[in-house]
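Keep the model open beside the text as you read.

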Amino acid sequence: MWIKKCTSGVLTAAVIAGACMGQISSSSAAAAAPSPEEYLISGKLSEGERALTTYLGRGVNNDEARFGLGMLQFIRAIEHLSQDLYKYGISDSRLGFPPLRALDIKENPNPQTLTYEKLRYMVQSFYDGLNKANETMAPIKDPDIKLPIHFGMIKLDLDGDGKVSDGETLYKLYSRMNRSQEVAPEVAKEFYIKFDRADMHWLRGYCNLLMGVCQIYLAYDSKETFDCTGHMFFKKTNTPYTFLTGKKHIMRASRQEMDFTDIISFIHLMRWQVAEPARMESALHHFEAMVAQNKDMWKYLMAETDDDHEWIPNPKQTGVIPNVSVTPEMALSWTQFMGKVDKILAGKLLVPFWRGDGTQGINVRKVFLKPTSLDVVLWVQGPGAAPYLERGEIVDGDIWRQLQRDFGSNFPGFALWFN
C-alpha cells in the first residue's frame with residue numbers, strides 16, 4: 001500500500017514537473033523569438049526571414065513573430081523588385097512615375113539585357129513574395145497584437161550589391177521622393193510605429209491589391225508591346241527592332257530620350273490577347289480579399305481605445321504622421337465606398353458606362369470571369385466594354401461627391417494610405 005502511494009506520488013510529481021517544464025520551455029521559446037526590427041533596421045532581411053521562419057517552424061504560437069515575419073517578407077518583396085529593376089536598368093526617365101520615384105532606384109551603368117520572359121518572371125517573383133507574406137499572416141488570431149518598429153530606420157539593399165548604406169533607409173528615400181521636405185535623421189528615429197491588429201489587416205489588404213495587379217498583367221500576352229516599346233522603360237531590351245534604341249528621333253519628347261511616336265505606339269499596342277484567363281479570376285479573388293481585409297481593418301481600428309504610436313489612427317487617436325488626422329466623416333465615407341466596391345466586384349452593382357443613354361452599366365465581375373482581349377483604345381471609345389454591358393442597379397455619383405466633400409483634394413493620398 002505504501003509502495004502504491006509512493007508510486008502514485010512520484011507519477012503525480014512527474015506529471016506536474018513535466019507540465020512546468022513544458023511551460024518553461026514554451027516561455028523560453030517565446031522569449032527567444034528573433035526581433036524583426038533588428039533585421040529590418042540592419043538591412044539583413046533574408047537573415048531575418050530565415051531566423052523567424054525557423055523559429056515559427058518549431059510550432060511556437062507567437063502571433064507577434066508571425067506578424068514580424070510577414071512584414072519582413074513584404075518589405076523583402078519590395079526590395080527584390082527594386083533589385084530586379086536596377087539589374088535590368090530601369091530608365092531614369094521613368095523615375096518621375098510615383099511608384100518608381102518612391103524606390104529611388106539609381107541608374108545602373110552596366111545593366112543586363114531584359115527579355116519579355118524575364119519581365120514576366122520579375123512580375124511573378126514579386127507576386128510570389130507578396131503571396132508568401134500574405135499567407136504567413138493569415139493564421140494570426142491575437143486581437144491585441146503589437147509589432148513595434150522604428151519604421152524610418154528600415155534599410156533595404158535597393159541595388160542588390162549586398163550592402164546597405166545610410167542612403168538606403170526608408171527616411172532617406174522619403175526625403176528624396178519629397179524634395180521639398182527633408183527629414184532629419186533624429187526625426188526619422190522618432191518615426192516609431194506600433195503596428196497592431198488593424199495594421200496587420202491593412203498590410204494583407206495591400207498584399208492582395210498588388211497581387212491582383214500582377215495577375216492582370218500576367219493574364220495577357222503583351223510581347224509585341226514589349227518588343228516595340230520596352231526601350232521606353234529599360235536601357236537594354238531584347239527586341240528585333242534594335243534601331244529603336246538609337247539616338248535618332250522623329251519627335252523627341254522634351255529632354256527625355258523618348259519619342260512621341262513611341263508613346264503613341266505604346267497606346268496603340270495595348271491590345272493584348274488573353275494568355276492565361278485563370279489569372280484574371282485569381283485577380284478578382286485578390287481584390288475581393290483586399291476589400292475583406294479593409295473591412296476587418298476598420299472593424300479593429302474603430303474599436304481601439306488606446307493612442308499608442310498609431311500608423312492609421314481612428315478619429316479619436318493621433319497618428320505618427322504629423323498634421324494628418326482622420327475625421328469621423330472620412331471613416332464613414334471610406335467604409336461606405338468600400339461597401340460599394342464589394343458589391344461591384346460581386347456583380348451586384350454596375351459601373352456607369354460613359355456612352356449610350358445611361359440605362360446600361362458595366363458588370364466588372366464578368367470582366368474578370370469572362371475576359372476577352374484587352375484593347376485600351378476600344379475600351380475608351382466604348383466597344384471594348386460591350387460584352388459586359390447590362391441593365392441593373394448602377395453606382396450613382398453620390399458616393400464620389402461624398403468622398404470629395406469629406407477628403408477634398410487629398411482623396412488620392414488618403415486612398416493610397418487607407419488601401
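Predicted model: local features only at pLDDT ≥ 70, side-chain atom pairs only at ≥ 80, totals over all residues.

How do the two rings sit relative to each other? A pair of aromatic rings is described by the distance of the centres and the angle of the planes. Across the structure, the count comes to 25 aromatic pairs. One of them is formed by Trp-334 and Phe-337, with 5.3 Å from centre to centre and 55 degrees between the planes, which makes the pair tilted.

Next, turn to helix packing. Two packed helices are described by the angle between their axes and the distance between the axes. Helix 4 (residues 63–87) packs with helix 6 at an angle of about 175 degrees, and their axes are 7 Å apart. Because angles over 145 degrees count as roughly antiparallel, helix 4 is roughly antiparallel to helix 6. On the helix 4 side, the residues making the contact include Phe-67, Leu-69, Gly-70, Phe-74, Ala-77, Ile-78 and Leu-81. Helix 6 contributes residues including Met-122, Phe-126, Gly-129, Leu-130, Lys-132 and Ala-133.

Side chains of opposite charge can pair when their charged atoms come close. The model has 14 salt bridges. In one of these, Glu-49 pairs with Lys-132, and the closest N and O atoms are 3.3 Å apart. This bridge links distant parts of the chain, for Glu-49 is in helix 3 (residues 45–56) and Lys-132 in helix 6 (residues 116–137), 83 residues apart.

What does Lys-235 form a salt bridge with? The partner is Glu-107, and the closest N and O atoms are 2.8 Å apart. Lys-235 lies in the loop between helix 10 (223–229) and helix 11 (260–268), and Glu-107 in the loop between helix 5 (98–103) and helix 6, so the pair ties together parts that are 128 residues apart in sequence. Lys-235 is partly exposed, with a relative accessible area of 34%, and Glu-107 is partly exposed too, with 48%.

A further salt bridge joins Asp-406 and Arg-405, with 3.3 Å between the closest N and O atoms. Here Asp-406 is buried, at 16% relative accessible area, while Arg-405 is exposed, at 60%.

Finally, let's look for cysteines. A disulfide is a covalent bond between the sulfur atoms of two cysteines. How many disulfides does a search of the whole structure find? The search finds zero disulfides. Two cysteines to visit are Cys-214, which counts as buried at 6% relative accessibility, and Cys-228, which counts as buried at 16%.

Technical notes
Residues numbered from 1 in each chain as written. Heavy atoms only, no water. Phe/Tyr/Trp six-rings, centres within 6.5 Å; stacked < 30°, edge-to-face > 60°. Disulfide = S-S within 2.5 Å. Buried < 20%, exposed > 50% of the residue type's maximum accessible area, 1.4 Å probe, protein only. Salt bridge = Lys/Arg side-chain N within 4 Å of Asp/Glu carboxyl O. Helix = DSSP H or I, 4+ residues; strand = E, 2+ residues; numbered from the N terminus. Axes fitted to C-alpha atoms, helices over the stretch in contact; angles between N-to-C directions. Parallel < 35°, antiparallel > 145°, perpendicular 65-115°, else oblique. Contact = heavy atoms within 4.5 Å.
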